[in-house]
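Me: I'd like to learn how to read this fold one feature at a time. Could we start with how helices sit against each other?

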Amino acid sequence: GISICKKSIGCIWLVQGETDKGIQLLHEALDVINNSSDIFHKVDVQIAYCKALTDRGQINEALLLVNDILKSSVEIHSFESLYIAYGLLSKLNYKQERYQKAFEAKELAYMYRDSMQAQNSDVRIHEMEHRYKNKQASQEIQLLKAEKELSEKNRAAQRRIFFLLILLLLVLAGFLYYSYYNRLRITRELKKINTMKSRFFGNVSHEFRTPLTLIKGPLEKWKEADIPLQLHDDICIMHRNTERLMFLVDQLLSMSKIDAGRFVVKPHQGDLALTIKGLARSFNSLADDKKLNYNVEIEESGRVYFDSEIVEIILINLLSNAFKYSSSNGDITVNGKSKDDSYTIYVANTGPHMSDEELNRMFDRFYSGSLSYQTGTGIGLSLVKELCGLYKASINVGYNKNGQIEFVVDLPVNLNNFDNCELIPEISIPENTVVAESLPAFSFDTARNETNEDLPLLLIVEDNDDMRQYLLCCFDGICTCKEAINGAEGIHIAREILPDIIISDVMMPQVTGIELCNTLKSDDLTSHIPVVLLTALAEEENMLEGLNCKADEYITKPFGAKILKVRILNLLALRQILSDKYRKEIMLKPFNTIIKGNENTFAQVLKDILENYITRSDFGVEEFCARAAMSRAQLHRKLKATVNMSATEFIRVHRVKVASELLRNDAMSIADVCFASGFNDASYFSKSFKEVFGVSPQEFRKG
């Protein structure tokens with residue numbers, strides 16, 4: 001097979017005029033076939049090689065090869081090979097001017113040609129005679145007729161199938177045309193609806209601007225006025241969030257303009273790098289407040305063409321997104337690199353890892369991914385994508401070599417890149433530009449009252465800094481406040497300090513408010529603590545979910561500070577009433593009539609202590625803490641919250657109750673009753689007994 005392939009390719013080279021290559025391959029084919037016992041194919045290769053040598057004029061080599069061909073042809077009785085070989089021999093002799101030998105070789109060639117033709121004729125005649133003399137001749141004829149009829153039937157069936165396929169194709173074409181027409185009609189309707197939606201968003205956004213302006217104006221006057229510091233802090237929160245609303249309204253307006261096709265690129269000539277630096281530096285204060293490593297490296301761009309409004313929207317949204325999803329001590333990097341026809345901006349930040357699907361859907365409108373606890377409109381990155389398409393700028397997102405999520409925006413900077421654009425005079429943005437999204441996080445400097453142990457202990461669990469500080473101010477002087485920035489920290493602090501009441505947001509990172517409430521209410525250590533949930537989710541199913549997790553209150557945002565205070569104070573008052581009632585029952589009734597069955601683990605611990613340890617004189621507060629598996633502070637706050645007693649008072653009251661039962665036995669002296677009930681000092685026993693029952697032990701026995 002290798003020899004045949006080499007021979008065939010060699011012949012092709014010879015036809016194409018590549019004589020050296022062709023002879024080389026034919027020579028290789030002959031070397032291969034020499035190792036084979038297949039004389040027939042060997043002769044075939046030798047003939048091809050001999051023809052090539054003859055045409056090239058290598059007479060001597062060709063003569064040697066012809067002799068081998070003649071020997072092999074005689075051996076295999078091939079008239080055809082002998083005919084070709086003598087033809088080649090005649091040609092070679094002719095070239096050597098040996099005309100007599102050439103003539104003799106030619107005669108032999110003709111003789112073998114005639115023999116070959118006669119042999120072929122004999123074979124054909126023999127085959128024909130054999131066919132007609134064969135007894136199966138008639139059957140073969142019938143078989144041929146049957147095959148012909150079957151062939152005709154198959155052709156008829158094929159024609160029917162062909163026409164059926166044509167019919168099906170026509171039906172399919174009609175269906176496709178109807179589907180296309182229907183989709184076209186639906187597309188027109190959707191386009192009309194989308195136009196109405198864009199107009200609605202635009203109108204609503206414009207309607208927002210008037211009241212926001214009326215709110216912003218007085219707030220700016222109040223900020224400059226001489227007012228108390230606490231009011232000034234509240235005004236700062238209101239003013240900053242008004243700016244935030246204005247920024248979101250501008251985003252809605254931009255999106256509606258793009259949808260309506262009314263957003264026009266307006267390039268101007270200026271220093272793009274200077275503009276980017278100014279926008280990037282406006283986030284410095286926010287980076288300091290959030291304790292982020294913020295690095296800005298911008299290469300000089302020179303005077304180029306760009307639309308400052310579009311560049312500002314793109315960069316502000318990318319930086320806002322980076323600051324939004326970066327935790328404390330994270331890294332945010334802004335780089336700018338100048339190229340021949342473009343300027344590339346890189347915005348990278350550390351944050352939670354995202355899957356490939358989330359990265360692909362990041363620019364989808366209203367998409368927020370798995371980080372659902374983060375607040376946002378979901379249009380910022382979508383607006384960036386739309387503007388980049390309008391601006392003919394490319395934008396990509398992925399992870400860089402440092403494992404940071406990185407946005408890469410390639411902005412065109414030549415005037416030729418802006419077709420059908422409105423060129424405006426040069427403008428510039430100052431380096432100290434401040435936008436709403438980049439305003440620093442608010443911090444209260446108001447002096448608070450020192451912690452008062454008599455005030456209720458309130459734990460505020462809120463991830464939004466402004467809201468948490470606002471709640472702290474609301475309850476300043478009313479409660480001793482502690483704060484936690486997420487649900488996980490809130491659970492830890494609640495178990496540590498056992499507050500009198502907890503206010504928690506619902507949507508928080510790591511652990512939600514619902515999970516916090518479920519965790520604390522299922523823990524015997526914290527199950528008694530009232531939990532108030534604050535949320536913007538006002539649907540009925542959301543409220544039911546909050547109440548099903550045993551939350552004591554479910555308050556939707558926005559809410560009034562007075563209403564929140566009243567509800568918190570009412571819960572604290574109700575808890576105080578229940579603990580006072582429990583205290584009286586404990587002092588007047590046997591403990592086993594108050595706690596029935598297996599109510600909770602803490603109740604069983606108290607019951608075990610009363611039944612087995614209360615009368616032991618060496619049982620004190622430390623032993624009480626060990627039995628309850630709580631610290632001294634935790635046990636104190638747990639008892640105060642449930643029975644309004646300290647640990648020492650709880651032990652003393654129940655020893656007095658045991659003594660009251662023993663005093664009914666006249667056989668025991670008062671001194672015996674004192675020591676049997678766990679007291680070591682008779683005077684302390686008498687004093688404690690009188691505090692509980694209002695009479696001395698002697699008077700109690702007489703009565």
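Me: How are helix 23 and helix 25 oriented to each other?

Reply: Start with the labels: helices (H or I, at least four residues) and strands (E, at least two) are DSSP runs, numbered from the N terminus. Axes are lines fitted to C-alpha atoms, for helices over the stretch in contact, and angles run from 0 to 180 degrees between N-to-C directions. Under 35 degrees counts as roughly parallel, over 145 as roughly antiparallel, 65 to 115 as roughly perpendicular, and the rest as oblique. Here helix 23 and helix 25 (residues 682–693) pack at about 90°, with axes 9 Å apart, so the two are roughly perpendicular.

Me: Which residues make the contact?

Reply: Contact means heavy atoms within 4.5 Å. Helix 23 brings Arg652, Val653, Val656, Ala659 and Ser660, while helix 25 brings Tyr684, Phe685, Ser688, Phe689, Glu691, Val692 and Phe693. Those residues divide into eight nonpolar, two polar and two charged.

Me: Before we go on, what kind of model am I looking at?

Reply: This is a predicted model: local features need pLDDT of at least 70, side-chain atom pairs count only at pLDDT 80 or more, and totals for chains, interfaces and linings use all residues. Residues are numbered from 1 along each chain as its sequence is written, and side-chain values use heavy atoms, with hydrogens and water left out.

Me: Which residues touch the most other members of the largest nonpolar core?

Reply: In soluble globular proteins, nonpolar side chains tend to be buried together. Buried means under 20% relative accessible area, exposed over 50%, and partly exposed in between (1.4 Å probe, protein chains only). A nonpolar core is a set of buried Ala, Val, Leu, Ile, Met, Phe, Trp, Tyr and Cys residues joined through side-chain atoms within 4.5 Å. The largest one here has 51 residues, and Ile502, Leu533, Phe624, Leu635, Leu639 and Phe650 touch the most other members. Helix 23 (residues 647–662) gives the most to this core, with six residues. A second, separate core of 50 residues includes Ile276, Phe363, Leu387 and Val413.

Me: How many disulfides are there?

Reply: A disulfide is a covalent bond between the sulfur atoms of two cysteines. The rule used here is a pair of cysteine sulfur atoms within 2.5 Å, and the count comes to zero.

Me: What does the whole chain come to?

Reply: The chain has 26 helices and 12 strands, and buried residues make up 39% of its 703 residues.

Methods: Nonpolar A, V, L, I, M, F, W, Y, C, P; charged D, E, K, R; others polar.
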